[in-house]
Amino acid sequence: MGLALKAAVSGRVSTSAQDRVERIERGATDGMRATVNLGKTRLRSDVRQAGFDGGERLSKTWRGETFPNRGASLNASGLLYSKAPAIIAAHEEGATIQPVNGSRYLWIPTDNVPRQGRGGKLMSPGMVEERFSDFDYVPSSKPGVFLAVVEAVRRTTKRGRTGFRRFSQGRARRGDVADTVHMFTLVPMARLPKRLKGRSIRDDLAANAMPRLVSQALVLSLREGR
């Protein structure tokens with residue numbers, strides 16, 4: 001998932017105008033670098049504005065390079081790409097996600113699923129069962145969808161956050177009451193909607209931003225030579 005850009009300045013310049021040639025090369029390269037930086041900024045902003053959980057980290061998977069890496073060239077080029085192309089593509093184009101490895105359902109975690117350590121990854125279904133108890137499966141109002149729930153004691157931390165503890169006979173004797181806590185939603189498949197505008201952003205860069213920025217950089221570079 002990326003975009004290759006190329007700026008080419010054509011024409012013949014006499015050898016006596018070597019300084020002018022160098023300024024044109026520098027302008028073409030500076031314009032391409034500005035295009036790549038603008039594209040990276042727009043694409044990262046697109047991901048952040050989509051409201052993903054962990055969107056800041058996903059936004060930073062967008063990278064940009066300008067060629068040549070050093071010096072300047074009349075044929076400067078640029079590359080915009082993501083280090084998470086499958087995730088980006090799924091949210092740009094939409095995708096249907098289905099269970100794998102023989103599973104009948106996708107397990108979608110709720111906000112009640114604890115994390116592994118402070119700020120760690122969400123616990124897997126197996127980890128949740130190990131911490132609390134075996135799941136009970138409750139049919140939801142949607143056909144074919146089930147809720148995986150456990151019996152747990154609700155706790156509020158000193159910081160005002162809600163957490164859960166395993167319900168036990170000892171806690172029952174202390175007067176604790178178990179809540180039925182919804183941990184996962186089981187669905188046969190899930191459809192990711194289109195949430196990113198990366199394709200239109202890249203099209204606009206190639207058709208509009210790149211010619212404008214390269215032209216501006218060429219004019220500025222040539223004026224400096226007067």
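Asn-69 counts as exposed, at 59% relative accessibility; with a 1.4 Å probe and protein chains only, exposed means over 50% relative accessible area, buried under 20%, and partly exposed in between. Asn-69 sits in the loop between β2 (62-67) and β3 (77-82). Its C-alpha atom is 10.0 Å from that of Arg-33, and the two residues are 36 apart along the chain. Helices (H or I, at least four residues) and strands (E, at least two) are DSSP runs, numbered from the N terminus.

This is a predicted model, in which local features need pLDDT of at least 70 and side-chain atom pairs count only at pLDDT 80 or more, while totals for chains, interfaces and linings use all residues. Residues are numbered from 1 along each chain as its sequence is written, and side-chain values use heavy atoms, leaving out hydrogens and water.

Next come the salt bridges, and the count is seven, taking a side-chain nitrogen of Lys or Arg within 4 Å of a carboxyl oxygen of Asp or Glu. One of them pairs Asp-19 with Arg-23, with the closest N and O atoms 3.1 Å apart. These two are four residues apart in helix α1 (residues 18-49), so about one helical turn separates them. Asp-19 is partly exposed at 44%, whereas Arg-23 is buried at 16%.

Another salt bridge links Arg-202 to Glu-92, at 3.0 Å between the closest N and O atoms. Arg-202 lies in helix α6 and Glu-92 in helix α3 (residues 85-93), so the pair ties together parts 110 residues apart in sequence. Arg-202 is buried at 5% relative accessibility, and Glu-92 is buried at 9%.
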